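Thanks, everyone. Please have the viewer open.

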Amino acid sequence: LGLPYSFHLSGYVIGGFLLTFFGFFNMMGLLLLGYATYYVDSRHGSFFKVSQRAAPGKEWIFDLAVAIKCFGVATSYLIVIGELMSQVGQTLFNSNMLAYRQVWIIISSLFVIPLSLLRDLDSLKFTSVASLIFFLYLIAFILLYYYHIDDLNACDSFTGQLCPGHISNIRYNSEIWSNLSVFVFGYTCHQNIFTIVNELKDNTIPRITGVVVTSIGSSYLVYLIVCFAAYYTFGDLVQGDLLTIYPDHILATILRIFISLMVAFSFPLQIHP
């Protein structure tokens, strides 16, 4: 949701390069960790066991870093759900109480607790499939809006200007440095690579490679589509949270619900490690 805004800060040429650059090195990091756990303990790998071999005596530093990272991301997930569902509550239910972000954060916290208590990631396969369906709806919505911008124009009501705004090939803005993290964390799933390798029925090196390349490759392709379509729709009028600029249309309301569910289903992936 934040990548199109990062494209706006850098222009689509530099944005496309950064998306490719960080995607490649995230993939390499996943491959190295996957191979490491295969050789250390192919069925019970973890950050602790790998760091025990790589940096004896400093295992706790790696575990602490993973814990802080996962806590931060999990917290941000609840905030995203609160922001999106408060809009839904106001639009769909016309309720003042359901328009408060805090109410939805409490509701979503209770919703994700049972999912977070599951022992293995394989138990989340059904919610993962649902999340992929929600993600496909997101892509379809963004492309539909891109091709029908005249019918569903939001910029004039949101910013007082017509879409699209100015579109840059290459642009330098000091904010680009603070937004590099958006490109980096867009691919981050390293906290789960050990569990994935442990649970794969065939967890050989070729299989690990196939899983990593397919995952990062498909994410990269989807991000390219979303970034270019959204940036060419809104130009420099695009917002940090992409969904805030779309109108209160029923399709947009459904999308906000889907994205909230997708984020909720992803919450256990941060708790599991």
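I start with the second largest pocket, which has a volume of about 270 Å³. The model is predicted, so local features need pLDDT of at least 70 and side-chain atom pairs count only at pLDDT 80 or more, while totals for chains, interfaces and linings use all residues. Residues are numbered from 1 along each chain as its sequence is written, and side-chain values use heavy atoms, with hydrogens and water left out.

On terms: we use a 1 Å grid over the protein atoms alone, and a pocket is an open set of points with protein on both sides within 12 Å along at least five of seven lines. A cavity is a set of points where a 1.4 Å probe fits but cannot get out, and lining residues have an atom within 4 Å of a point. Points are joined across faces, edges and corners, and a volume is the space filled by probe spheres set on them.

Which residues lie nearest the centre of this pocket? They are S46, F47, Q191, H272 and P273, out of 16 lining residues. Helix 2 (47–54), helix 3 (59–92), helix 9 (193–199) and helix 11 (250–271) each supply at least two residues of the lining. Helix 3 gives the most, four residues. Helices here are DSSP runs (H or I, at least four residues), numbered from the N terminus. By class, the lining has eight nonpolar, seven polar and one charged. Nonpolar means Ala, Val, Leu, Ile, Met, Phe, Trp, Tyr, Cys and Pro; charged means Asp, Glu, Lys and Arg; the others, Gly among them, are polar.

Next, the cavity. The structure holds one of 30 Å³ or more, and about 30 Å³ of space lies in the largest cavity. Its lining is L115, S116, L118, D120, L121, L124, P268 and H272, that is, five nonpolar, two polar and one charged.

Now the helix pairs. Helix 3 and helix 11 pack at about 160°, axes 9 Å apart; axes are lines fitted to C-alpha atoms over the stretch in contact, and angles run from 0 to 180 degrees between N-to-C directions. The two are therefore roughly antiparallel (over 145 degrees). Their contact has 18 nonpolar, six polar and two charged residues.

Helix 1 (residues 3–41) and helix 10 pack at about 170°, with axes 10 Å apart. They are therefore also roughly antiparallel to each other. That contact divides into 25 nonpolar, six polar and no charged residues.

Last, helix 5 (residues 125–147) and helix 10 (residues 205–234) pack at about 30°, axes 9 Å apart. That makes helix 5 roughly parallel to helix 10 (under 35 degrees). This contact has 14 nonpolar, one polar and no charged residues.

How values were computed:
Angles under 35 degrees count as roughly parallel, over 145 as roughly antiparallel, 65 to 115 as roughly perpendicular and the rest as oblique.
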